[in-house]
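Student: Could we go through this structure together? I would like to begin with how its helices pack.
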Amino acid sequence: MAITAAAISMSTVLTCGLAGLAILGAARARAQEIEPAEFVPLPAGTNLLLNYYVYGDETQFNFAKGNTYTNNTGLQVNLGVARYIHYLDVGGHPAGVQLVQIFGSESDGRIAGQSLGNAFGAVNVALSAFIWPYANQQKSQYFVVAGWIYPPTGTYDAHSPINLGDNRLRGDAQIGWDQAIGTHFSYDAGLDVMVYGDNDNAFPGGLRLSQTPTYRLQLWANWRWTPSFQTSIGYEGFFGGTQSLNGVPNGQKTEEQRVRAAASYFITPALQTLLELNHDTSVVGGFKQNFGATVRILFAF
Amino acid sequence: MNRWGLWRLVTALLLLTACQTPTATSTGGASPGDLEFVTHAYQIITFDRQEGELAQTQAVDPEVRALAAKLVNEANRSAEQLAPLAAAAGIRPPNILDYGLRVRLGHMRIQHGLDFDQTFIADQIASHQEALSMHESMMSSGGNPELRAFAERVSALVRENLAALQALQRKRMRQ
């Protein structure tokens with residue numbers, strides 16, 4: 001099925017646009033999104049089990065180089081995340097492996113009154129390995145390199161405009177830096193690039209969805225008030241990620257600017273809780289999250 | 001990456017993970033008591049070295065910093081002495097810290113030095129008390145004679161360092 005730019009009417013823009021929503025929805029809780037201090041290596045042998053609840057209230061939709069819809073438009077995101085991390089020592093360098101599974105729902109999706117339906121199930125599983133080529137405990141400086149792979153294991157229905165899985169292989173390369181300045185202040189910076197395989201069965205079935213790489217910058221500035229309590233403010237910016245259906249841009253991309261605030265508290269040395277609140281300041285080519293919240297419980301064993 | 005490539009990667013990482021052990025293992029005829037002694041000795045020496053090294057930049061009090069440097073030197077010397085004794089006794093030392101020490105050390109890194117001095121002294125008093133108890137147990141249990149002699153030599157030093165740590169803690173509490 002060939003689609004030409006000239007043939008795209010208002011309704012087909014909407015229809016074509018819906019085909020990529022599964023990716024944008026899943027982007028709300030991508031596995032390589034970091035919380036404060038995640039780039040600090042823990043001793044070899046440490047296991048972490050992290051469970052998250054992620055809520056997103058998305059209230060606008062923008063088509064790249066097109067309209068922004070605010071009336072009768074939105075998406076409700078309710079996701080759970082199960083994440084396991086194991087730290088290793090590889091040739092004298094801190095390292096680790098992790099597995100992340102996101103699941104849940106994206107519901108009440110609509111653009112200008114046109115229903116997108118609901119999606120329930122699992123996002124692609126994420127597998128990752130990471131190593132710190134430079135880790136200086138004395139100076140509290142840590143540089144980490146991580147690789148991620150997302151096999152297409154997520155729930156996917158080619159006849160639904162909205163999905164949690166995306167029927168394609170994805171990979172991501174990430175670098176991160178954590179540094180403390182004094183005893184109260186520290187910051188984290190992360191940069192990653194995600195590359196996408198093609199989905200050869202995109203909505204409404206049989207179309208080929210391709211996407212250019214997405215670049216992401218994440219920053220956190222942290223203030224530790226006590227050994228157990230820390231607050232942070234952060235930024236997350238997505239760039240690139242232009243989608244095409246059968247070679248024709250469909251108006252979706254991953255350009256998003258987000259502000260974040262977080263507070264974390266160690267209930268015991270092995271048990272930490274974290275709350276993050278966030279807001280998208282601008283989005284091009286996708287849903288804009290008016291309000292987002294993440295609750296995380298971390299357990300070390 | 002194809003499916004087999006992914007499985008190979010996962011298998012390699014699982015093997016790497018399986019090689020980690022927080023307990024000493026026998027490579028030929030070591031008694032349970034000797035294994036337990038080497039396990040605890042390794043754990044305490046490694047923890048003292050790593051926490052003591054952090055103290056070189058994160059401790060505020062010069063007295064804490066100086067005592068930490070002394071503890072690191074002595075832990076390094078103990079590690080050098082213990083390694084050949086363990087090998088001769090047919091014991092392979094653990095290669096990771098046990099759960100409690102991992103959590104304590106992880107916390108120190110995440111805290112980036114906040115309240116370091118107080119935490120360091122409390123940690124070191126606990127680890128020295130544990131070391132003393134371990135050495136006394138080894139001396140009375142009658143295991144490998146070389147390991148027992150090592151325990152006798154080191155216990156005097158541990159007692160001396162424990163007294164210094166407790167004195168420093170008392171001094172800081174008075175201030």
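Tutor: A helix axis here is a line fitted to C-alpha atoms over the stretch in contact, and angles run from 0 to 180 degrees between N-to-C directions. Please keep in mind that this is a predicted model.

Student: Within what distance do the axes of H3 and H6 of chain B come, and at what angle do they cross?

Tutor: The axis of helix H3 (residues 62–88) of chain B comes within 11 Å of that of helix H6 (residues 145–174) of chain B, and the crossing angle is roughly 170°. Angles over 145 degrees count as roughly antiparallel, and H3(B) and H6(B) are therefore roughly antiparallel to each other.

Student: Which residues meet there?

Tutor: On the H3(B) side they include B:Val64, B:Leu67, B:Leu71 and B:Leu85, and on the H6(B) side they include B:Leu147, B:Phe150, B:Val154 and B:Leu168. By class, this contact of H3(B) with H6(B) has 13 nonpolar, three polar and three charged residues.

Student: Turning to the two chains, how many residues does each one give to the contact?

Tutor: Chain A gives 27 residues and chain B gives 27 residues. On the chain B side, helix H1 (3–18), helix H2 (32–58) and helix H4 (99–111) each supply at least two residues.

Student: Which helix supplies the largest share of that side of chain B?

Tutor: H4(B) does, with 10 residues. The side of chain B that touches chain A has 13 nonpolar, nine polar and five charged residues.

Student: What about the largest nonpolar core?

Tutor: That core has 43 residues, and A:Val81, A:Tyr142 and A:Val144 have the most contacts inside it. Strand S3 (residues 74–90) of chain A contributes the largest share, seven residues. A second, separate core has 41 residues, among them B:Tyr42, B:Val64, B:Ala86 and B:Met134. In soluble globular proteins, nonpolar side chains tend to be buried together.

Student: What is A:Val144 in contact with, leaving aside its neighbours within four places in sequence?

Tutor: A:Val144 is in contact with A:Phe39, A:Phe130, A:Trp132, A:Ile175 and A:Gly176.

Student: Finally, in what order do the four strands of the open sheet in chain A lie?

Tutor: The order is S10-S11-S14-S15, with antiparallel pairing. Strand S10 (199–202) and strand S15 (248–249) of chain A are the edge strands, each pairing on one side only.

Student: How many bridges join S11 to S14 in chain A?

Tutor: Three bridges join strand S11 (residues 207–211) to strand S14 (residues 243–245) of chain A. A:Gln211 has A:Gln243 in S14(A) as its bridge partner.

How values were computed: Residues numbered from 1 in each chain as written. Chains lettered and ligands numbered in written order. Predicted model: local features only at pLDDT ≥ 70, side-chain atom pairs only at ≥ 80, totals over all residues. Parallel < 35°, antiparallel > 145°, perpendicular 65-115°, else oblique. Contact = placed C-beta atoms within 7 Å. Nonpolar A, V, L, I, M, F, W, Y, C, P; charged D, E, K, R; others polar. Core = buried A, V, L, I, M, F, W, Y, C linked by C-beta atoms within 7 Å. Buried ≥ 20, exposed ≤ 12 C-beta atoms within 10 Å, placed from the backbone. Pairing = 2+ DSSP bridges.
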